[in-house]
Amino acid sequence: MIRFSKKHQKRAILIIALLLALSSAVGLTLYALNQNINLFFTPSDLVHQKAPMGQTIRMGGLVVEGSVKRGAHDLSVSFILTDTKNQVTVDYTGILPDLFRENQGIVVLGTWQNNRFLAQEVLAKHDENYMPAEVIEAIKRSDHYENKP
Amino acid sequence: MIPELGHFALILAFCFAVMQTVAGGKSALLAAQSYTNAIDTTSSKAAVLFCLAQFIFLLISFISLEYAFITNDFSVVYVSAQSHSDLPLMYRISGLWGGHEGSLLLWVLMLSGWGAMVALRRKALPRSTHATLIAILGLLSLGFLAFILFTSNPFARLLPIIPIEGQDLNPLLQDPALIIHPPLLYMGYVGFSVAFACAVTALITGRFDRAYARWMRPWTLMAWLFLTLGIVIGSWWAYYVLGWGGWWFWDPVENASFMPWLLGCALIHTLAVVEKRNAFKRWAILLAMTTFFLCLLGTFLVRSGILTSVHAFANDPERGLYILIFLAVVMGAALVLYLWRAPQIKHTVGFDYLSRENFLLINNVLLTLACATVFLGTLYPLFLEIFTQNKISVGPPYFSSVFVPLMIFLFIFMGAAPQSEFKTTPARSFILPLSISAVSALVLAGIVGFFLPFGVMITVALGTWIIFTLLENLLIHYKSLTASNYGMVIAHLGAAVLLLGVGLSKQMEIETDVSMQVGDHVLVGPYTFTLTGLNPGFGPNYTTIIGDIQITRKDKLVTVLHPEKRTYTANNIAQSQTAIAPGLLRDLYVALGEPLGKNRWSVRVYYKPFVRWIWLGGLLIAAGALCAFFDKRYRIKSRVQYV
Amino acid sequence: MFRKIVWLGLPILLFFIFIYLLAQGLTRTPNQMPTALLDKPLPEFSLNDLFDAQVFYDKSVLLNEVILINVFASWCPPCAAEHGLIMELAKQGFHFYGLNYQDERLDALTWLNVRGNPYEKVFYDKLGGVGIDWGVIAVPETFLIDAQGIVRYRYIGELTSSIWNKEFLPRIQHLKTGVVHAP
């Protein structure tokens with residue numbers, strides 16, 4: 001049997017404790033990460049039923065001109081997002097960001113249900129001169145799709 | 001003429017940086033070859049002079065650019081892109097660091113400023129060590145100066161057509177807090193270059209003793225202090241400017257400054273062990289290197305626009321590539337040096353389970369883990385996209401769900417650690433005071449638990465646990481406390497206040513978004529908010545709509561708030577101005593959303609208890625660092641004698 | 001010995017993999033993205049003149065030569081930054097057309113007055129509708145169109161002289177002298 005000196009024993013216990021703490025932390029972290037990943041989709045993905053229903057996802061596109069419709073007494077609003085090929089109607093309740101404008105590229109976070117997108121969050125960029133990279137990506141990807149009536 | 005002068009001064013500063021590196025390196029080499037402490041004084045003195053000259057010329061360069069901003073010299077491209085003649089003087093001055101080129105100039109100015117401070121504190125270190133330090137700092141300056149000169153010259157002119165008007169500063173940046181937020185953050189980032197240079201010097205010379213750690217501590221404290229202040233002010237700015245009532249968004253750019261803060265915090269604690277016990281030396285070196293690596297990485301992430309962030313102001317892959325190469329060279333070299341030389345730096349001291357060393361070890365493990373989780377959450381989307389082409393984002397719930405458990409552990413240990421002693425702690429002097437604190441904290445939390453939710457109870461238990469143990473620590477040791485100890489007490493108190501602020505405001509806040517017209521009222525918590533008027537107005541460079549919101553509690557008028565919705569004329573950008581009724585126990589927060597038609601507006605009406613404690617806590621942490629900085633033992637004037 | 005190599009080599013390897021990944025990240029810049037219009041004719045449009053709201057233009061107004069269409073707006077700082085270069089290039093004889101995008105007419109006119117007008121014609125697209133047809137996603141943007149009216153290249157973002165020399169000049173020379181590939 002191998003006998004450790006007291007010093008080595010102490011060190012071994014320390015290392016084991018550290019490893020245990022570390023591995024549980026890593027495990028928890030990866031689990032949390034897995035639970036909180038929001039995949040990105042484009043309006044064309046949604047129209048072609050490529051996106052999971054009911055799961056929290058992100059979608060980017062341009063706000064179609066004249067499509068912003070507000071509720072009469074509450075903060076509900078709906079608008080259409082396009083990637084220049086396909087359109088998706090977004091429903092949202094809340095205050096839109098200052099930089100939300102028609103024809104502006106924005107990103108929405110929410111769920112895709114019954115052919116409408118229920119947004120929990122609407123994001124526009126701080127800087128109005130640039131498109132969010134996701135929107136550029138959305139338009140880029142839309143080239144693979146045909147228009148769907 | 002003045003911009004050319006500035007450009008010329010910048011080139012001269014570059015030359016001095018080269019000379020500083022060469023002279024410092026030569027003097028360090030000579031010292032290494034001769035086995036005595038004798039040194040080529042000419043080159044070591046020259047290195048110091050070059051270092052000072054570099055700082056002075058950068059100052060001239062900086063003042064020239066500032067002059068161009070103040071005098072509205074729109075022939076300079078950078079000025080025309082960042083400023084506008086309607087801007088108040090204050091924002092014209094701060095417009096300098098509103099964009100890439102200017103902030104980089106500020107960055108090198110600060111780097112050389114830290115370098116000059118190190119150069120002037122010559123007496124406290126062995127000459128060869130000092131010369132090596134100066135050479136390394138010169139090398140870092142060199143890299144950044146080359147970056148400015150070759151890729152981002154702020155003095156470039158817009159010829160042949162000189163615009164008569166500038167493009168204006170992004171209105172979000174036109175705010176007093178944002179005048180000082182970036183400089184503070186840069187001071188922090190850049191300040192860690194001294195810790196990095198110290199670590200590399202220790203690897204080169206093979207000497208890392210207690211005196212050296214003592215010399216290194218105040219620099220690290222100062223850098224961390226600036227970083228703390230920068231983050232606190234940034235968070236405060238986000239709270240009242242962005243108009244969402246949030247103060248931290250786990251945005252990649254925020255994370256970029258938070259990661260070095262976490263590791264810097266670990267480093268400060270580790271250096272205490274090195275200084276007191278001559279242990280954890282290699283770990284301290286690794287931490288110092290990694291902290292600076294994260295500072296550079298943060299710069300890279302922000303400047304290259306590689307991460308999708310609401311903050312990413314400009315995408316320029318060329319600049320990103322330069323920083324990346326710089327990062328790879330500096331950090332790669334440091335890493336190789338570490339692997340090669342670190343085994344020479346030995347420490348063989350034992351300590352008990354119940355010792356301050358162990359507590360500080362736990363602190364380090366937890367802070368490093370926290371940093372690693374932020375790192376993972378920030379960079380994971382980028383790496384996944386490279387491998388799978390899938391675009392994802394990591395939501396803030398990830399960060400809160402990993403951070404909260406880590407912080408709970410951290411706070412439990414934070415309460416116990418100050419009561420421990422180095423090497424070994426007698427159980428009697430440890431257990432009794434801690435049990436008293438623990439019981440009082442639990443009792444207090446239990447009382448709170450009767451009225452408020454479970455999460456609030458946990459927060460109160462942790463917060464009071466730390467406060468009680470600190471008070472006990474003061475009572476027991478009040479005779480022998482140094483400035484350093486007081487600094488620790490203040491900073492830990494700050495951490496407790498911060499914890500209470502975050503925990504209580506998160507769990508007790510009420511956020512309502514409503515559609516209102518004049519005369520409407522809404523009930524939030526114990527307060528009634530009534531919209532009594534909406535009036536147009538104008539400012540120097542914007543037009544605005546001002547709301548009048550009356551707040552009453554039990555039919556007594558509390559205050560009238562005036563949130564605004566501004567439209568900046570130069571670029572037609574709308575921006576909300578929030579109105580806040582601040583209080584130590586609660587904030588009332590109102591922001592105008594957007595016109596909904598038929599005289600209706602959307603309005604954010606928030607009740608945020610204890611939210612102010614978050615920044616108060618942050619400021620206390622900074623005050624603690626400052627207090628520790630002024631400890632007398634860091635002010636030893638005479639040269640430490642080495643064998 | 002082997003253990004030593006692993007211990008020394010692994011961190012360095014990991015570090016450089018990390019750097020390599022970051023470098024990979026840099027290459028996915030959105031500036032040079034293909035457009036749906038690439039190698040296809042520019043779509044029809046009908047827009048009025050920025051200087052005279054009564055005058056309408058369609059595709060036939062474009063020269064039957066290699067031309068460039070620059071999408072700009074007065075509210076966009078990078079547009080101002082690239083404007084000097086476009087002035088210079090126009091002077092050298094390159095044909096630039098302007099598409100004023102989502103702008104106020106008066107602002108755009110003042111903007112051009114102050115900085116000079118390098119464009120043969122400036123089309124006014126107040127609502128950004130044509131911009132959507134063309135797939136304009138960020139201002140500024142520059143389209144390269146050959147003598148047959150076919151889109152050959154598109155660049156998103158601020159035009160710089162290095163981008164011009166690297167991306168535009170070779171293509172223009174090819175279009176002017178070489179064989180034009182059929183779409």
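How many helices and strands does chain C have? Chain C has five helices and seven strands, where helices are DSSP runs of H or I with at least four residues and strands are runs of E with at least two, numbered from the N terminus. The model is predicted, so local features need pLDDT of at least 70 and side-chain atom pairs count only at pLDDT 80 or more, while totals for chains, interfaces and linings use all residues. Residues are numbered from 1 along each chain as its sequence is written, and chains are lettered from A and ligands numbered from 1 in the order in which they are written.

Along its sequence, chain C reads α-β-β-β-α-β-α-β-α-β-β-α. Of its 183 residues, 38% are buried (20 or more other C-beta atoms within 10 Å of a residue's own, with C-beta atoms placed from the backbone). Among contacts in chain C with a separation of 6 or more, 72% join residues 24 or more positions apart; a contact has C-beta atoms within 7 Å.

Turning to chain A, there are three helices and seven strands, in the order α-β-α-β-β-β-β-β-β-α from the N terminus. Buried residues make up 42% of its 149, and residues 24 or more positions apart supply 57% of the chain A contacts with a separation of 6 or more.

In chain B, the axes of helix α9 (residues 252–277) and helix α12 (residues 356–388) come within 9 Å and cross at roughly 165° (lines fitted to C-alpha atoms over the stretch in contact, with angles from 0 to 180 degrees between N-to-C directions). α9(B) is therefore roughly antiparallel to α12(B), a label for angles over 145 degrees.

Key
Parallel < 35°, antiparallel > 145°, perpendicular 65-115°, else oblique. Buried ≥ 20, exposed ≤ 12 C-beta atoms within 10 Å, placed from the backbone. Contact = placed C-beta atoms within 7 Å.
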